[in-house]
Amino acid sequence: MMDAPTTTTDDRESPAADGKEPRISEGPSADAVLVRRTLAEIAPVADRVTSYFYALLFTHHPELREMFPVAMDTQRDRLLKALLTAAEHMDDVPVLTAYLENLGRGHRKYGTRATHYPAVGEALIGALVRYAEKSWDEETEAAWVRTYTTISQIMIDAAAEDERSAPAWWQAEVVSHDLRTPDIAVVTLRPDRPYPFLAGQYTTLETPWWPRIWRHYSFASAPRPDGLLSLHVKAVPAGWVSNALVHRARPGDVLRLGPPAGSMTVDHSTDTGLLCMGGGTGIAPIKALVEDVAEHGDRRPVDVFYGARSGHDLYDIDTMLRLQKTFPWLSVHPVTEEQGRLPEAVCRYGPWNERDAYLSGPLDMVRCGVDALRGAGVPSDRIRHDFLTELAPAAG
Ligand SMILES: Cc1cc2nc3c(=O)[nH]c(=O)nc-3n(C[C@H](O)[C@H](O)[C@H](O)COP(=O)(O)OP(=O)(O)OC[C@H]3O[C@@H](n4cnc5c(N)ncnc54)[C@H](O)[C@@H]3O)c2cc1C
Ligand code: HEM
């Protein structure tokens with residue numbers, strides 16, 4: 001899955017026991033110490049904890065089963081993993097709150113209600129009691145209950161706030177489907193009501209062929225006056241949703257979209273130049289960012305490095321070159337594997353340390369790109385990418 005910044009807890013604001021009042025801490029809070037002790041004990045048997053957690057949840061609350069995908073295979077640990085990671089980083093209030101608010105809003109599309117949270121909390125405690133036998137005691141249980149209450153309250157409050165102004169999901173009809181290469185399609189959608197988002201963000205999407213299986217796709221344009229949304233989808237080998245979108249979807253099909261998410265957006269309060277790196281379909285949100293800069297009438301320099309395996313895989317190069325012709329501030333640099341890897345190609349140009357950097361594409365490319373840019377002197381807080389919005393343990 002996706003990764004996020006490593007969060008450390010030292011010298012940061014920490015929640016008080018009720019999770020509301022931030023305090024300055026010199027180390028992890030007492031609850032965090034107990035929570036981490038439990039996590040250390042269950043780490044070697046994580047798979048069993050996950051199975052038992054779902055077994056408890058679905059035997060005690062069979063009515064919840066149908067909210068989850070029929071096949072709960074590779075991704076089934078996402079809920080529990082996020083929960084445990086959030087608990088581990090409970091002291092890092094700003095990162096965690098933003099993440100959990102987004103997660104709470106996103107849970108509306110699953111049909112999750114405030115009344116469902118206690119069931120998940122019980123299953124969590126039940127699984128921990130069984131697998132953290134050695135370190136479990138009353139104090140530890142109280143720490144977990146407080147932590148889970150704080151986490152779930154942030155999600156519940158964010159969902160309730162969102163309910164006042166946004167639907168739980170949007171229906172979107174496919175209005176055009178353009179196969180650009182044998183495995184990449186540009187899919188254009190008409191949402192059933194206005195879908196507000198920012199250039200550089202992504203959506204979650206469910207197809208009628210794989211009910212309750214949601215995947216992320218970036219918007220390939222800045223918001224358009226006609227309200228249409230376009231996505232670039234690459235069919236990955238044996239991929240459920242991507243193959244359905246590329247090889248099966250046709251005009252007239254109706255998909256479901258969750259709310260927009262992602263922080264890879266342009267900061268219009270500065271006129272700093274942009275350095276963009278897009279690999280494969282990762283060029284889609286980069287194109288949206290270029291359109292966004294153009295719409296704001298800015299004259300900031302923008303360099304786009306567009307990477308793919310071969311020239312043939314640079315399926316959107318014509319559009320990018322057309323944009324380059326229109327906007328004198330835009331330079332587009334196509335990079336194929338023959339010319340070397342994208343991050344290295346980027347570092348051959350430069351210097352980039354005065355730019356805001358945006359990366360989008362396969363996780364490996366983003367990881368290497370971030371490392372290369374940091375190495376080239378770009379400060380971390382100027383580097384934005386898709387993978388920042390998920391919380392995962394110890395990712396760089
Ligand atoms: C923030 C974000 C934005 C994204 N935006 C886009 C986008 O704009 N366009 C787009 O096409 N995709 C995008 N993705 C990826 C997308 O969400 C799906 O992961 C992808 O379409 C595969 O889903 P699937 O259901 O077809 O495959 P799954 O059923 O999830 O996976 C099937 C198999 O393929 C493997 N696999 C998954 N992804 C790849 C890959 N890229 N290359 C090779 N093997 C893979 C899996 O490990 C698994 O073994 C984005 C992902 C994130 C996190
Ligand atoms: C604090 C509590 C919870 C946390 C941290 C959490 C976290 C997550 C995460 C990270 C995912 C992965 C997909 C995504 O990012 O949306 C997920 C999926 C899901 N969650 Fe939660 N969740 C919580 C509570 C609940 C509750 C109470 C319900 C309702 C019963 C629920 C139902 C679901 C469903 C149906 C999915 C989709 C399953 C899938 O895609 O495999 N979650 N959850």
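Modeller: Two strands pair if DSSP finds at least two bridges between them; strands (E, at least two residues) and helices (H or I, at least four) are DSSP runs, numbered from the N terminus. This is a predicted model, in which local features need pLDDT of at least 70 and side-chain atom pairs count only at pLDDT 80 or more, while totals for chains, interfaces and linings use all residues. Residues are numbered from 1 along each chain as its sequence is written, chains are lettered from A and ligands numbered from 1 in the order in which they are written.

Biologist: Which residue of β12 is the bridge partner of Met277?

Modeller: Strands β9 (274-279) and β12 (356-360) pair in the parallel sense over five bridges. Within this pairing, the partner of Met277 is Leu359.

Biologist: Which strands stand at the edges of the open sheet?

Modeller: The sheet has five strands with parallel pairing, in the order β11-β10-β9-β12-β13. Two of these strands have a single partner each, so one side of each lacks a neighbour in the sheet: β11 (330-336) and β13 (383-385).

Biologist: By how much are neighbouring strands of this sheet turned against each other on average?

Modeller: Axes are lines fitted to C-alpha atoms, for helices over the stretch in contact, and angles run from 0 to 180 degrees between N-to-C directions. For the strands of this sheet direction is ignored, and the average is 15°.

Biologist: What angle does α9 make with β11?

Modeller: Contact means C-beta atoms, placed from the backbone, within 7 Å. Helix α8 (283-295) lies across β9, β10 (302-308), β11 and β12, at about 150° to β9. Helix α9 (317-326) packs on the sheet, touching β10 and β11, and its angle with β11 is about 155°.

Biologist: Which domains each give at least three residues to the shell around ligand 1?

Modeller: Among the 22 residues around this ligand, His216, Gly239, Val241, Ser242 and Asp386 come nearest; a residue is near if its C-beta atom, placed from the backbone, lies within 6 Å. Elements β6 (214-218), β7 (229-234) and α7 (240-248) each supply at least two residues. By an automatic or database assignment, the domains are domain 2 (170-257) and domain 3 (274-389).

Biologist: Which element gives the largest share of the shell around ligand 2?

Modeller: The nearest of its 22 residues are Arg78, Leu79, Ala82, Tyr110 and His116. Two or more residues come from each of α3 (78-88), α4 (93-106), α5 (117-131) and α6 (138-163). The largest share, five residues, comes from α3.

Biologist: How many helices and strands are in the protein chain?

Modeller: The C-alpha trace spans about 65 × 50 × 40 Å along its principal axes. The chain has 11 helices and 13 strands.

Note on methods: Two residues are in contact if their C-beta atoms, placed from the backbone, lie within 7 Å.
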